[in-house]
Amino acid sequence: MNRVVASLMAVVAVAVLSGCASSLSGGAYSRDQARVAQEVEYGRVEAVRVVAIEGTKSNIGTGAGAIAGGVAGSGIGSGSTTRTVGALAGAIIGGMAGAAAEEGITRQDGLEITVRLDSGRTIAVVQAADVQFRPGDRVRVLYGRDGTTRVTY
């Protein structure tokens with residue numbers, strides 16, 4: 001029964017972690033960014049480089065993994081001391097595995113887009129790789145009051 005519970009908790013943890021990843025897309029806006037003016041500049045893409053955007057590192061993966069590992073580890077052995085040691089070891093190992101799983105599940109491909117603005121300034125913006133840009137493309141660069149910058153067509 002403990003293995004069934006641990007497996008179920010692992011599936012729930014993966015589902016929760018998948019839903020926690022916020023979008024880093026140039027076309028995705030948070031609720032706070034809606035209906036807020038942004039500054040716009042125009043320019044041309046000079047270079048595009050594929051990058052990896054690291055995943056989140058919250059305590060959700062660690063906690064879910066620790067719980068699942070603790071439950072699974074408590075099923076080891078027959079005595080109460082052995083079960084307690086198994087639960088503690090399972091919680092530690094599960095927490096480490098959960099943290100690694102969270103980071104891996106929420107990691108995504110990104111683009112570093114270098115833009116020469118019409119003002120003569122050059123900037124680089126990293127965002128999700130959901131829209132492809134090529135050198136020479138004419139683009140808009142949007143600057144939000146919250147510090148976000150995005151490149152769009």
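Contact here means heavy atoms within 4.5 Å. The model is predicted, so local features need pLDDT of at least 70 and side-chain atom pairs count only at pLDDT 80 or more, while totals for chains, interfaces and linings use all residues. Residues are numbered from 1 along each chain as its sequence is written, and side-chain values use heavy atoms, with hydrogens and water left out.

**Stop 1: T152**

Select T152, which is found in strand β5. Strands are DSSP runs of E with at least two residues, helices are runs of H or I with at least four, and both are numbered from the N terminus. T152 has a relative accessible area of 12% and is buried. Buried means under 20% relative accessible area, exposed means over 50%, and partly exposed is in between, with a 1.4 Å probe and protein chains only. Which residues does T152 touch, not counting those up to four places away in sequence? They are G26, F133, V139, R140 and L142.

**Stop 2: the whole chain**

Now colour by secondary structure. The protein chain has 3 helices and 5 strands, and along the sequence they follow the pattern α-β-α-α-β-β-β-β. Of its 153 residues, 30% count as buried. Among contacts between residues at least 6 apart in sequence, 67% join residues at least 24 apart.

**Stop 3: F133 and Y153**

F133 and Y153 form an aromatic pair that is stacked, at 4.9 Å centre to centre and 25 degrees between the planes. Rings of Phe, Tyr and Trp (its six-membered ring) pair if their centres lie within 6.5 Å; planes under 30 degrees apart count as stacked, over 60 as edge-to-face and the rest as tilted. By this rule the count comes to 1 aromatic pair. F133 lies in the loop between β3 and β4 and Y153 in the segment after β5, so the pair ties together parts that are 20 residues apart in sequence. F133 counts as buried at 4% relative accessibility, whereas Y153, at 46%, counts as partly exposed.

**Stop 4**

Zoom in on V45. Leaving aside neighbours within four places in sequence, V45 is in contact with I113, T114, V115, F133, R134, P135, G136, D137 and V139.

**Stop 5: G75**

Go to the loop between α2 (59-73) and α3 (80-106), where G75 is found. G75 is partly exposed, with a relative accessible area of 41%. Draw a distance from its C-alpha atom to that of G86: the two are 7.4 Å apart, and 11 residues separate G75 and G86 along the chain.

**Stop 6: the composition of a lining**

Finish with the largest pocket. Its lining divides into 5 nonpolar, 8 polar and 1 charged residues. Here Ala, Val, Leu, Ile, Met, Phe, Trp, Tyr, Cys and Pro count as nonpolar, Asp, Glu, Lys and Arg as charged, and the others, Gly among them, as polar.
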